[in-house]
Amino acid sequence: MGEEKTHIHYGGLEEALTKSSNVNVQNENIRMPTDNNVSDQAMEDMLRARQQHEDAVKAFEQKAAQRQMAVPTSDAQVKSKLREFGEPACIFGEGPYERRDRLRTIMAGRSSETQHAKRQEATGDEDLFYTEGLEELLEARVKIAEWSIPRANQRLLKERRQRAEEDPLEYEERVDRFCTFLQRSIVAEVSQVGDERPLTQGKFSPDAQLYCTSSWSGFIKLWKVPSCEPTLTIRGHEDRCHSIAWHPSCRGAPPFEGKTVRLASASADSRVNLWCLTESQPLAVLEGHEDRVNRVVFHPMGEHVVTTSHDMSWRLWDVETSSELLLQEGHSRPTYGVSMHPDGSLCATSDLGGVVRVWDLRSGKSIMPLAAHGKQVMSVDFHPRGSLLATAADDHSVRIWDMRKRRCLHNLLAHNKLISEVSFEKGEGRLMLTASFDGTVKVWSTTDWRAVKVLIGHEGRVMGADHIPASISGHHYIGSVAFDRTLKFWSTQGKAEPPVDATSFM
């Protein structure tokens, strides 16, 4: 009881370390933390958190892929698929639902491994590579450059002269007056059944004397303008004919003379036919695409043809030799829309993945990828002045791109359904047409991008619409073709009263 308790005082770590250093004793279990230790620990925590985040994202992506994956519903098909993957067809206590869920997990795991391998391959192969082209392709590029540069110079000089002579406000007022006249007077003048099967595309000839239509039956028909009387019918293809294009120098009406190329047609049989329109057989057949050909267009120079196809490529052809000059890849989905720049220097193509690419035909480079649409882009068209590009897609919108600023200027929610075609007015480019699967054709002003007129009359999906290149007796014409097998001419002559008040749909 009388013993006095003693308190043990250990002291601080600094004193202990000092003592240990003085007596030259190594105490490995007592260390002072340094800045390097703190930074290393923070780095380890950061790497651990990043790894956890990547694992969580990977698990989320895998679950999303599993939900979107198409898995057989029949139990016999599920077992067969499991055997193909080398997995047991049945596990003890497993029912059809659990078996199908296991198959989904296995398929998602294999697809994620494949995607990861593809990602690694893509990141490891970032070097640019070039494919050596033909000598004919080099000659074509030089010829296109020599032809396009003077035209670009003339276009720019004309634009500067117009800006100096006419005030922009006066130009807008003049366009507004024309749009008001168009809104009040344009009606459906002629309606004609074009074929036994749905029509796919309709185009006016360069001199506005003819209107050509293509259809699913493979027939190509020429119609007089403005009477809409059939003047020539050709059995173009055995399969569906998707697109037609007039040669830039085609003039006159049947009967034609001489064996010169006047028309091109593209079909689902992966062929493109060149027609002189004096014979029932094509003048030449362009073969090379591995899938259906969606669109065909002539180069403004008239010596080359550009085609797009479901084989995810677009090709450049020589008209004179009927040979393929260029097979251009670059799209990850089937290519669809195509348009040539007025100068002939650029080419715009679209695909069913929502991507639009602008190509320089003189160098072969993709100079401007445009990825803003959420769904497949069905049509593209350059403005006659060359500074704007319009793209129409399945997301019901039309986007207007400025080629100089390299950005989207306007996003127009134009229709309620897929937009099948967009087209600028030839010449000044005061108007823009959009055709849609909602059964309407809309006319837009290019000064303020407002809907001037809604053309209602087709009973089915409108497959295409086109402006007339030159007015007839001072009147403007628009041609449209639809899934209801009819073609219609809309004009400002005002011969018939509109059946409904179209302004209420604007």
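This is a predicted model: local features need pLDDT of at least 70, side-chain atom pairs count only at pLDDT 80 or more; totals for chains, interfaces and linings use all residues.
Over which ring does the charged end of Arg385 sit? I looked it up: the ring is that of Tyr171, with the charged end 5.0 Å from its centre. The rule I used wants NZ of Lys or CZ of Arg within 6 Å of the ring centre and within 35 degrees of the ring normal. Arg235 does this over Phe219, at 4.9 Å from the ring centre.

Residues are numbered from 1 along each chain as its sequence is written, and side-chain values use heavy atoms, with hydrogens and water left out.

Next, ring pairs. I took rings of Phe, Tyr and Trp (its six-membered ring) as paired if their centres lie within 6.5 Å, calling planes under 30 degrees apart stacked, over 60 edge-to-face and the rest tilted. That gave me 5 aromatic pairs. Trp216 and Phe483 make an edge-to-face one, 5.3 Å between centres and 85° between planes. Trp216 is in the β3-β4 loop and Phe483 in the β27-β28 loop, so the pair ties together parts 267 residues apart in sequence. Strands here are DSSP runs of E, at least two residues, numbered from the N terminus.

I also checked cover (buried is under 20% relative accessible area, exposed over 50%, partly exposed in between; 1.4 Å probe, protein chains only). Trp216 counts as partly exposed at 25%, and Phe483 counts as partly exposed at 26%. Buried residues make up 45% of the 506 in the protein.

Last entry: I found Phe204, Tyr211 and Phe489 in one aromatic cluster.

Note on methods. Helices (H or I, at least four residues) and strands (E, at least two) are DSSP runs, numbered from the N terminus.
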